[in-house]
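Dear colleague,

I am passing on a structure that I would like you to look over when you have a moment.

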Amino acid sequence: GLEALLPVPANPLLCPFTGEIFVDPVFTADGATYERSKISEYLETHENSPLTGKRLAHKSLVPNLMAFDLVRKALAL
């Protein structure tokens, strides 16, 4: 069956899994951003995007430097 999909947070600086501000944001193959620890844990047992339900091309994670910088600037305000 289809997995329950995560809602997209209203604030793009929040992780869809935790609802909290990113500490270590990373991209998945489909371009979505998650907190590294949470998406790493999810990908241990899943092949699909938690947002779209579509199969990910790969499970490599890439640091999202823009999100990291935006969070750092937002927290400095």
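**What was found**

Glu44 is exposed, since its relative accessible area of 66% lies over the 50% cut-off. Please bear in mind throughout that this is a predicted model. Glu44 sits in the loop between α1 and β3, and its C-alpha atom is separated by 16 Å from that of Lys54, which lies 10 residues away along the chain.

The loop between α1 and β3 also holds His46, which counts as partly exposed at 23% relative accessibility. The side chain of His46 is joined to the side chain of Thr45 by a polar contact of 2.9 Å, and the C-alpha atoms of His46 and Lys59, 13 residues apart along the chain, are separated by 9.5 Å.

Turning to the sheet, 3 strands form an open arrangement in the order β2-β1-β3, with antiparallel pairing. Because β2 (33–35) and β3 (62–63) stand at the edges and each has a single partner strand, one side of each is left without a neighbour in the sheet. Strand β1, which covers residues 25–27, pairs with β3 in the antiparallel sense over 2 bridges, and the bridge partner of Val26 in β3 is Pro63. Helix α1 lies across β1, β2 and β3, and runs at about 95° to β2.

The largest nonpolar core has 11 residues, namely Leu13, Cys15, Phe22, Val26, Ala32, Tyr34, Ile39, Tyr42, Leu43, Leu56 and Val71. Helix α1, spanning residues 36–43, gives the most to this core, with 3 residues. As a general background to such a grouping, nonpolar side chains tend to be buried together in soluble globular proteins. One of the core residues is Cys15, which, once its neighbours within four places in sequence are left aside, is in contact with Pro9, Glu20, Phe22, Tyr34 and Glu35.

Two loop residues deserve a separate word. Thr28, placed in the loop between β1 and β2, is buried, because its relative accessible area of 7% is under the 20% cut-off. Not counting residues up to four places away in sequence, Thr28 touches Tyr34, Ile39, Leu56, Ser60 and Leu61, and Tyr34, Ile39 and Leu56 are among the residues of the nonpolar core listed above.

Asn64, for its part, is in the loop between β3 and α2, and Asn64 is likewise buried, with a relative accessible area of 7%. The side chain of Asn64 makes a polar contact of 2.7 Å with the side chain of Thr33, and, with residues up to four places away in sequence not counted, Asn64 touches Pro25, Val26, Phe27 and Thr33. At the start of α2, a side-chain oxygen of Asn64 also reaches to within 3.3 Å of the backbone nitrogen of Met66.

Helix α2 itself comprises 12 residues, 65–76, which at 1.5 Å a residue should span 16 Å; the C-alpha atoms at its ends are 17 Å apart, which agrees with that expectation.

With kind regards

Definitions and conventions: Residues are numbered from 1 along each chain as its sequence is written. This is a predicted model: local features need pLDDT of at least 70, side-chain atom pairs count only at pLDDT 80 or more; totals for chains, interfaces and linings use all residues. Side-chain values use heavy atoms; hydrogens and water are left out. A nonpolar core is a set of buried Ala, Val, Leu, Ile, Met, Phe, Trp, Tyr and Cys residues joined through side-chain atoms within 4.5 Å. Buried means under 20% relative accessible area, exposed over 50%, partly exposed in between (1.4 Å probe, protein chains only). Helices (H or I, at least four residues) and strands (E, at least two) are DSSP runs, numbered from the N terminus. Contact means heavy atoms within 4.5 Å. Two strands pair if DSSP finds at least two bridges between them. Axes are lines fitted to C-alpha atoms, for helices over the stretch in contact, and angles run from 0 to 180 degrees between N-to-C directions. The expected span of a helix is 1.5 Å times one less than its number of residues. A polar contact is a pair of N or O atoms within 3.5 Å; within protein, one must be able to donate a hydrogen and the other to accept it, and residues adjacent in sequence count only if both atoms are side-chain atoms.
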